[in-house]
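Here is a friendly briefing to keep beside the model as you look around.

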Amino acid sequence: MILERKRVLTFGTFDLFHFGHLKLLERASRLGDELFVGISSDALNFSKKARNPIMNEIERAHIVASLKFVNSVFLEESLELKREYLLRYEADILVMGDDWAGKFDDFRDICQVVYLPRTQNISTSELLQRIKNDF
Ligand code: C2G
């Protein structure tokens, strides 16, 4: 008997890795048997926000890859390549936080698309604010 393994894919920057990121990845991993994570490259971030993330892509990728419920990471070089990544890594399910709700519905022809609720009261910008307030 051949058992079908379900592969979950998600994408993110994961800068200043925090509890909201952790919960998103943990919940995503429970939707399937293995979790692959596309880490947005420094160049992609620069093109979107005109600044580099605080932690570089190597640091961000290493942290995410070290989580026990993450099986593999790769660099997301362009937002336009999502369909290609989903096909290349044979995703059964695409998971994103609900700040992206509706944005990836076009991919329902090749995989299931699930938007998970974001964890409240935590974000990279909120963390930076906490640090600024405390020092
Ligand atoms: N997230 C969450 N709760 C938070 C903060 C983030 O669930 N409090 C989720 C986001 O919804 C996202 C993931 O964690 O699904 C990663 O968040 P970011 O690093 O902010 O990723 P982002 O820059 O939105 O992704 O192709 C998308 C790009 O890679 C960008």
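This is a predicted model: local features need pLDDT of at least 70, side-chain atom pairs count only at pLDDT 80 or more; totals for chains, interfaces and linings use all residues.

Residues are numbered from 1 along each chain as its sequence is written, and side-chain values use heavy atoms, with hydrogens and water left out.

- Arg 51 is found in the loop between α2 (42-49) and α3; helices (H or I, at least four residues) and strands (E, at least two) are DSSP runs, numbered from the N terminus.
- With 42% relative accessibility, Arg 51 counts as partly exposed; that class lies between buried (under 20% relative accessible area) and exposed (over 50%), with a 1.4 Å probe and protein chains only.
- From C-alpha to C-alpha, Arg 51 and Val 37 are 22 Å apart in space, and they are 14 residues apart in sequence.

**Helix α2**

- Asp 42, Leu 44 and Asn 45 are buried in α2.
- These buried residues fall within an arc of 160 degrees when seen down the axis of α2, so they line one face of the helix; the arc is that of the directions from the helix axis to the C-beta atoms.
- Ala 43 and Ser 47 are exposed on the other side of α2.
- The cover over the buried residues of α2 includes β2, α3 and β3 (72-76).
- Just after α2 comes Ala 50, with a positive phi of about 60 degrees.

**Helix α1**

- Helix α1 (residues 19-30) has 12 residues, which should span 16 Å at 1.5 Å a residue, and its end C-alpha atoms are 17 Å apart, which agrees. The expected span is 1.5 Å times one less than the number of residues.
- The buried residues of α1 are Gly 20, His 21, Leu 24, Leu 25, Ala 28 and Ser 29.
- They cover an arc of only 165 degrees around the axis, which puts them on the same side of α1.
- Packed against these buried residues of α1 are β1 (7-12), β2 (34-40), α3 (57-65), β4 (93-97), β5 (112-116) and α5 (124-134).

**Around the ligand**

- Of the 20 residues around the ligand, Phe 14, Glu 76, Lys 82, Asp 99 and Ile 122 come nearest; a residue counts as near if one of its heavy atoms lies within 4 Å.
- Phe 14 has a backbone N or O atom 2.8 Å from an oxygen atom of the ligand. A polar contact is a pair of N or O atoms within 3.5 Å; within protein, one must be able to donate a hydrogen and the other to accept it, and residues adjacent in sequence count only if both atoms are side-chain atoms.
- A polar side-chain atom of Glu 76 lies 2.7 Å from an oxygen atom of the ligand.
- For Ile 122, a backbone N or O atom lies 2.6 Å from a nitrogen atom of the ligand.
- On its own the ligand has 640 Å² of accessible area, and the protein covers 93% of that; the areas come from the Shrake-Rupley method with a 1.4 Å probe, and for residues only the protein chains shown count as cover.

**Strand residues**

- Glu 76 is found in strand β3 and is buried, with a relative accessible area of 3%.
- Not counting residues up to four places away in sequence, Glu 76 has several contacts, including Phe 11, Ser 40, Lys 82 and Tyr 85.
- Arg 7 lies in strand β1 and is buried, at a relative accessible area of 18%.
- A polar side-chain atom of Arg 7 lies 2.7 Å from the backbone oxygen of Tyr 89.
- Gly 97 sits in strand β4 and is buried, its relative accessible area being 11%.
- Beyond residues up to four places away in sequence, Gly 97 touches Leu 24, Tyr 115 and Leu 116.

**Loop residues with positive phi**

- Most residues other than glycine have a negative phi.
- Leu 16, in the loop between β1 and α1, has a positive phi near 45 degrees.
- Asn 121, in the loop between β5 and α5, has a positive phi near 60 degrees and is exposed, with a relative accessible area of 65%.

Conventions: Contact means heavy atoms within 4.5 Å.
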